[in-house]
Amino acid sequence: MTPEPLFRFLHLASVALWVGGMFFAYVCLRPSAAELLDPPHRLRLWQRVFARFFAWVWGAVILIPVSGLAMIARVGFDAAPLNWHLMLMVGLAMIAIYLYVFFGPYAELKRAVAAEEWKAGGDALGRIRKAVGINLWLGVLTIATATLGRWLA
């Protein structure tokens, strides 16, 4: 019995959590919060939402490359299909963007909310929004590469 089904499950579940969470936040929660909440309440909401979501994203950021590299190691890096290499490259870019968000604008958002500096918090949230938008599109591209990538061969 090989561990590959477990690696595949961890990989896909982590991708679904991360990309699905970004989709929900960007497409559903963001416009609703902007319509209904004044800046102090909106920024407090986002700070708390990110605190919960990012705890899960850290798990995904660890599990996705570990499980992906384990599956690549099974076949050998040189023998892995082109779409696997593309997924790895895009995934690493997504992780870099997440690290930027977490240690940059999200840290600024937390400080601004704690100090009730709503302008600074809004600026930080705007940078997070842009980065999440990029990462969401990269996530969709990665899913397309995973599912349609065999057409590249």
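Contact means heavy atoms within 4.5 Å of each other. The legends below use the word in this sense.

**View 1. The whole chain of the predicted model.** This is a predicted model, in which local features need pLDDT of at least 70 and side-chain atom pairs count only at pLDDT 80 or more, while totals for chains, interfaces and linings use all residues. Residues are numbered from 1 along each chain as its sequence is written, and side-chain values use heavy atoms, with hydrogens and water left out. The protein chain holds five helices and zero strands; here helices (H or I, at least four residues) and strands (E, at least two) are DSSP runs, numbered from the N terminus. Read from the N terminus, the order of elements is α-α-α-α-α. The C-alpha trace spans about 55 × 25 × 20 Å along its principal axes. Of the contacts with a separation of 6 or more, 77% are between residues 24 or more positions apart.

**View 2. The surface of the protein chain.** The accessible surface is about 9,100 Å², and 71% of this belongs to carbon and sulfur atoms. Such areas come from the Shrake-Rupley method with a 1.4 Å probe; for residues, only the protein chains shown count as cover. Of the 153 residues, 39% are buried. Buried means under 20% relative accessible area, exposed means over 50%, and partly exposed lies in between (1.4 Å probe, protein chains only).

**View 3. Ala25 in helix H1.** Ala25 is located in helix H1. Is Ala25 buried or exposed? Its relative accessibility is 14%, so Ala25 counts as buried. Leaving aside residues up to four places away in sequence, Ala25 touches Arg30 and Trp46.

**View 4. Leu37 between helices H1 and H2.** Leu37 sits in the loop between helix H1 (4–36) and helix H2 (39–75). Leu37 has 30% relative accessibility and therefore counts as partly exposed. With residues up to four places away in sequence not counted, Leu37 touches Arg42 and Leu45. Ala25 and Leu37 are twelve residues apart along the chain, and their C-alpha atoms are separated by 15 Å.

**View 5. The packing of helices H3 and H4.** Two packed helices are described by the angle between their axes and the distance between the axes. Helix H3 (residues 82–103) packs against helix H4 (residues 105–115) at an angle of about 20°, and the axes are 3 Å apart. This is why H3 is roughly parallel to H4. Angles under 35 degrees count as roughly parallel, over 145 as roughly antiparallel, 65 to 115 as roughly perpendicular and the rest as oblique. On the H3 side the contact is made by Tyr100, Val101, Phe102 and Phe103, and on the H4 side by Pro105, Tyr106 and Ala107. Seven of the contact residues are nonpolar, none is polar and none is charged.

View 6. Glu116 lies in the loop between H4 and helix H5 (118–148). Its phi is near 55°, a positive value in a residue other than glycine.

**View 7. Spans annotated in UniProt.** An unreviewed UniProt entry gives "transmembrane region" for residues 6–29, 49–72, 84–103 and 134–152. Residues 6–29 are 100% helix and 0% strand, with end C-alpha atoms 32 Å apart. Residues 84–103 are also 100% helix and 0% strand, and their end C-alpha atoms lie 28 Å apart. UniProt (unreviewed entry) also places "domain: Copper resistance protein D" at residues 48–147. That span is 91% helix and 0% strand, and its end C-alpha atoms are 34 Å apart.

Key: Axes fitted to C-alpha atoms, helices over the stretch in contact; angles between N-to-C directions. Nonpolar A, V, L, I, M, F, W, Y, C, P; charged D, E, K, R; others polar. UniProt positions renumbered as here; feature names shortened; annotations may be inferred.
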